[in-house]
Amino acid sequence: MKKVIRGGTVVNARETVKGDVLVDGEQIVAVGQIGPVEGAEEIDATGCYLLPGLIDNHTHMSMPFGGTTTADDYNTGTQAAAAGGVTAIVDFALQMEDGGLQSSLDQWMGRAEGTAHVDYGFHMAVTRSDEGTFKDMPKMVDQGVSSFKVFLAYKNVLMITDDLFMRVLEESKEHGGLVQVHAENGWIIDRMVAEALGRGDTAPVWHAHTRPEWVEAEATGRAVRFAEQADAPVFIVHVSCTSAAEEIIAGRARGVAAYGETCIQYLFTDITDLERPAPEGARFVCSPPIRDAVHQPFMWDCLKYGHLQSISTDHCPFDDSQKALGADDFSKIPNGLACIQHRLPLMWEHGVREGRISMNRLVDVCSTAIAKTFGITTKGAISPGMDADVVIFDPNTPFTFSTATSLMNVDYDLFDGKTVAGSVRSTLCRGSVVFDRGEIKTQPGHGKFLKRQPFDAALQGDLAG
Ligand code: URP
Ligand code: ZN
Ligand code: ZN
């Protein structure tokens, strides 16, 4: 089945052109002035921008964490993704047991298969050290799970030791993987948490005070130094603040293949949100914590000038009853924010409309550069031969964030009541309309597993497409 999306303006990372998009089946076959196409479905996009489907490289669906499980599964979470213009996610599988990685990947694959509305891939988090783990790392890359994650925080839960971290970097490099790092010093955090609780400081804002900026900067610097020593690429996830980003910039200046992302919560919320009255403050607990707003201009500049490659959401949703596990003790609040649906409208409003980044840069940090960093060769650009993943974004139809219209499976919307000027009208994933004017049009299972290529340093910073 052919489709022609007519009358829009195509925005890629490199350029913006007025033009139509011809889709045949699951792929884009032409971009430009397209004449009549017999039998094709016509989609009118007059006055709209056509963006490559966004990729969210950092999500947590159906993940056991913090004594509970994240509230979105691959069905609800990918509906919300599509409503936000996202056509692919790369979700985190966690190593759950000794003896290797394969059984954990199988669990995550089993949960996602047949349920997702947009395409999905996996990173594999290495949480234990045994020979089975290292034997399975090349198997992960062969299966298209070409990135790993290690945690330098969450002591006694997910945190690994420095010697294991170094070995993961070495093995990953050997097999073409990319190691991602949750960079906070778990030892220091545990000490500060015990001190705060001992004083009776139990409110959500103490989550931020016990994970200060220097604790993130130290671990980030350590991760970059380890990568330098191992001569391996490294990607720092959820960079929240200036001094942590500066460690990445310094590493890059020394020639380290160091990359990173920030997340929308670090641009659009700040530490004062943690001080909201219960139950609201707990909704903003994530790690690294949201910071003082003074960091935000620098984080925007990191995206503008390419110091960070991506802005993701770290979507890790828990509803109020789950967050209430920490009602009397901030350290028991499950960590994570619900925001997969909101990246594009927020980035358009405060990034493009307010002049912080161009729309091409928005496309790069939300899609194109992510595709290149994470080995997704079929997405990230509106161009012939690519998957027909297209967002029809209407810059003149306002969007109001609200719990009622949120498709995220939590009982609140973090931005409830806020209005922005533009909205996602439709999202196509591999040629099918998944989301159109507020409604989901696909069945669970439309989304397919995304087999990713090994990390390719040569592609980084290349805007072609
Ligand atoms: O608070 C967060 N970020 N929750 C998700 C788990 C992680 O560390 O990415
Ligand atoms: Zn993390
Ligand atoms: Zn995360």
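**Reading the ligand site and the loops**

Tutor: Let us begin with a contact to the ligand: a backbone N or O atom of S287 lies 2.8 Å from an oxygen atom of ligand 1. Please keep in mind throughout that this is a predicted model.

Student: Which polar side-chain atom lies 3.4 Å from an oxygen atom of ligand 1?

Tutor: That atom belongs to H58. The backbone takes part again at N335, where a polar atom is 3.1 Å from a nitrogen atom of ligand 1.

Student: How much of the accessible area of ligand 1 does the protein cover?

Tutor: On its own, ligand 1 has 270 Å² of accessible area, and the protein covers 100% of this. As to location, ligand 1 sits in the largest cavity.

Student: Which residues come nearest to ligand 1?

Tutor: There are 14 residues around ligand 1, and those that come nearest are K149, Y154, H182, S287 and D314. Sorted by class, the shell around ligand 1 holds seven polar, five nonpolar and two charged residues.

Student: Why does the pair of E26 and R430 tie together parts that are apart in sequence?

Tutor: E26 lies in the loop between β4 (20–24) and β5 (27–32), and R430 in the loop between β21 (423–429) and β22 (432–436), so the pair ties together parts 404 residues apart in sequence.

Student: What is the value of phi at R430?

Tutor: As a general rule, most residues other than glycine have a negative phi, and most peptide bonds are trans. R430 has a positive phi, near 45 degrees, although R430 is a residue other than glycine.

Student: Where is the cis peptide bond with omega near 5 degrees?

Tutor: That bond runs from A278 to P279. P279 is found in the loop between α9 (264–268) and α10 (280–283).

Student: Which residues does the cis peptide bond with omega of about -10 degrees join?

Tutor: This bond joins S287 and P288, and P288 has its place in the loop between α10 and α11 (296–304).

Definitions and conventions: Residues numbered from 1 in each chain as written. Chains lettered and ligands numbered in written order. Predicted model: local features only at pLDDT ≥ 70, side-chain atom pairs only at ≥ 80, totals over all residues. Heavy atoms only, no water. Near = heavy atom within 4 Å. Polar contact = N/O pair within 3.5 Å; in protein donor to acceptor, adjacent residues only side chain to side chain. Areas by Shrake-Rupley, 256 points an atom, 1.4 Å probe, with all protein chains shown as cover. 1 Å grid on protein atoms, 1.4 Å probe; cavity = no way out; pocket = protein on both sides within 12 Å on 5 of 7 lines; lining within 4 Å. Sits in = over half its atoms within 2 Å of the grid points. Nonpolar A, V, L, I, M, F, W, Y, C, P; charged D, E, K, R; others polar. Helix = DSSP H or I, 4+ residues; strand = E, 2+ residues; numbered from the N terminus.
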